[in-house]
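Student: Please take a close look at one part of this structure for me. I would then like to see how the description extends to other parts of the chain.

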Amino acid sequence: MACAMVFDVEKACGIELFANLHQAANQQKQKLSKNSAYEKNISSISLLQGNFLKIDFSDANLIFINATGFIGPIWHKIQEKLIQLSPGTVIITISKKLNSNDFTLQKTTHIEMSWGIATAYIQQLKSTPT
Ligand SMILES: C[S@@+](CC[C@H](N)C(=O)[O-])C[C@H]1O[C@@H](n2cnc3c(N)ncnc32)[C@H](O)[C@@H]1O
């Protein structure tokens, strides 16, 4: 949502598993739609409730994952899914770096989150999988 507020994106999509959090995101979108400055941008935002492992996001060219709490199989499976995306796709992860040689690390930076300062990794999918 923040990305769609700042940049002129064609499509911005948020995926959340938990119904309450999905609902909270929809409420924020609703609030934003009342601000005329964001009228055009809001139409590009779609919010889906579901498991990102089961949702097709193969059209994405920039992905943000707040990965702090992702460990074990979920983290492994999402990385496997990301490797299948189009070469050049940029993935920003918070707290954890994608640990596959299929990605090139573009930048590491620090950003302020509600719980403190977190590390953000900006990685790009290489053209030829390793
Ligand atoms: C660190 S929180 C990030 C919350 C918020 N989306 C953000 O970026 O600030 C990670 C979120 O991932 C959600 N999540 C965990 N597994 C998921 C899955 N398989 N599919 C979709 N969302 C999932 C959790 O419910 C949790 O809200």
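Tutor: Leaving aside its neighbours within four places in sequence, L105 is in contact with K97, Y121, I122 and Q123; contact here means heavy atoms within 4.5 Å. The model is a predicted one, in which local features need pLDDT of at least 70 and side-chain atom pairs count only at pLDDT 80 or more, while totals for chains, interfaces and linings use all residues. Residues are numbered from 1 along each chain as its sequence is written, and side-chain values use heavy atoms, with hydrogens and water left out.

L105 belongs to strand β5, which covers residues 103–113. Strands (E, at least two residues) and helices (H or I, at least four) are DSSP runs, numbered from the N terminus. L105 has a relative accessibility of 40% and therefore counts as partly exposed; buried means under 20% relative accessible area, exposed over 50%, and partly exposed in between, with a 1.4 Å probe and protein chains only. L125 lies 20 residues from L105 along the chain, and their C-alpha atoms are separated by 9.2 Å.

Strand β5 also holds K107. With 48% relative accessibility, K107 counts as partly exposed. Residues up to four places away in sequence not being counted, K107 touches A120, Y121 and I122. I71 and K107 are 36 residues apart in sequence, and their C-alpha atoms are 22 Å apart in space.

Q123 lies in strand β6, residues 116–125. Its relative accessibility is 1%, so Q123 counts as buried. A polar atom of the Q123 side chain lies 2.9 Å from the backbone nitrogen of L98. Beyond its neighbours within four places in sequence, Q123 is in contact with T89, V90, I91, T93, K97, L98, F103, T104, L105 and Q106.

We may now turn to the protein as a whole. It is divided into domain 1 (1–50) and domain 2 (54–130), with bounds that come from an automatic or database domain assignment. The C-alpha centres of domain 1 and domain 2 lie 21 Å apart.

How many salt bridges does a search of the whole structure find? The search finds two, where a salt bridge is a side-chain nitrogen of Lys or Arg within 4 Å of a carboxyl oxygen of Asp or Glu. One is formed by the side chains of K40 and D8, at 2.9 Å from N to O. K40 lies in helix α3 (residues 39–42) and D8 in the loop between α1 (2–6) and β1 (12–16), so this pair ties together parts that are 32 residues apart in sequence. K40 and D8 are both exposed.

The side chains of D59 and K11 also meet in a salt bridge, again with 2.9 Å from N to O. This pair links distant parts of the chain, 48 residues apart: D59 is in the loop between β2 (45–49) and β3 (62–65), and K11 is in the loop between α1 and β1. D59 has a relative accessible area of 53% and is therefore exposed.

Finally, F18 is placed in the loop between β1 and α2 (19–33). F18 is exposed, because its relative accessible area is 53%.

Note on methods: A polar contact is a pair of N or O atoms within 3.5 Å; within protein, one must be able to donate a hydrogen and the other to accept it, and residues adjacent in sequence count only if both atoms are side-chain atoms.
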